[in-house]
Amino acid sequence: MNWSDFLHNSFFITLVGTLRDVIPIILVIFGFQYFILRQPVRNLKKVLAGLVYVILGLAFFLVGLEKALFPLGELMAEQLTNPEFIFGSTGFIEGQIKW
């Protein structure tokens, strides 16, 4: 796998987006800890490892939604709004559907 494939990989794009979304939350938490409470973070290595796990978990969760659940929902929406499903196989009169 070369760099071009890696940068266009959907997991990498989702991971970068997740990191971009989580960084403000991390900054608020650490800023509050250091500037308001004036306390160092205990077990900083464990906290940072936990943050990495949270970011990776969110990214995997979002990729799973995009690859599995969202296409299933789209398929169900297409099938449930199909006029043949709504009116049956006997047919329907044109103009009968008023959205």
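Mentor: Happy to. One term is needed before we start: two residues are in contact, or touch, when they have heavy atoms within 4.5 Å of each other. Please also keep in mind that this is a predicted model.

Let us begin with the whole chain. The protein chain has 99 residues, and 12% of them count as buried. Its secondary structure amounts to 4 helices and 0 strands, so that, read from the N terminus, the order of elements is α-α-α-α. If you take the contacts between residues at least 6 apart in sequence, 51% of them join residues at least 24 apart.

Now for the part you asked about. The pair to look at is helix H2, residues 10-36, and helix H3, residues 44-80. Two packed helices are described by the angle between their axes and by the distance between those axes. Here H2 and H3 pack at an angle of about 140 degrees, and their axes are 9 Å apart. Because of that angle, H2 is oblique to H3; the label "roughly antiparallel" is kept for angles over 145 degrees. The crossing of H2 and H3 is right-handed. As for the residues that make up the contact of H2 with H3, 17 are nonpolar, 3 are polar and 2 are charged.

Two residues let you see this in detail. Start with Phe11, which is located in helix H2. Leaving out residues up to four places away in sequence, Phe11 touches Leu56, Ala59, Phe60 and Val63. Take Val63 from that list: Phe11 and Val63 are separated by 52 residues in sequence, yet their C-alpha atoms are 6.4 Å apart in space. Phe11 has a relative accessibility of 22% and therefore counts as partly exposed, since buried means under 20%.

Next, find Thr18, which is also part of helix H2. With a relative accessibility of 4%, Thr18 counts as buried. If you set aside its neighbours within four places in sequence, Thr18 is in contact with Ile55, Leu58, Ala59 and Leu62.

Side chains of opposite charge can pair when their charged atoms come close. The structure holds 1 salt bridge, and it is formed by the side chains of Asp21 and Arg20, with 3.5 Å from N to O. Arg20 is exposed, at a relative accessible area of 60%, while Asp21, at 47%, counts as partly exposed.

Finally, follow the chain into the loop between H2 and H3, where you will find Arg38 and Asn43. Arg38 is not a glycine, yet it has a positive phi of about 55 degrees. Asn43 is not a glycine either, and its phi is likewise positive, at about 55 degrees. Exposed means over 50% relative accessible area. Arg38 has 65% and so counts as exposed, and Asn43, with 53%, is exposed too.

Definitions and conventions. Residues numbered from 1 in each chain as written. Predicted model: local features only at pLDDT ≥ 70, side-chain atom pairs only at ≥ 80, totals over all residues. Heavy atoms only, no water. Axes fitted to C-alpha atoms, helices over the stretch in contact; angles between N-to-C directions. Helix = DSSP H or I, 4+ residues; strand = E, 2+ residues; numbered from the N terminus. Parallel < 35°, antiparallel > 145°, perpendicular 65-115°, else oblique. Left-handed = near helix turned anticlockwise from the far one by under 90°. Nonpolar A, V, L, I, M, F, W, Y, C, P; charged D, E, K, R; others polar. Salt bridge = Lys/Arg side-chain N within 4 Å of Asp/Glu carboxyl O. Buried < 20%, exposed > 50% of the residue type's maximum accessible area, 1.4 Å probe, protein only.
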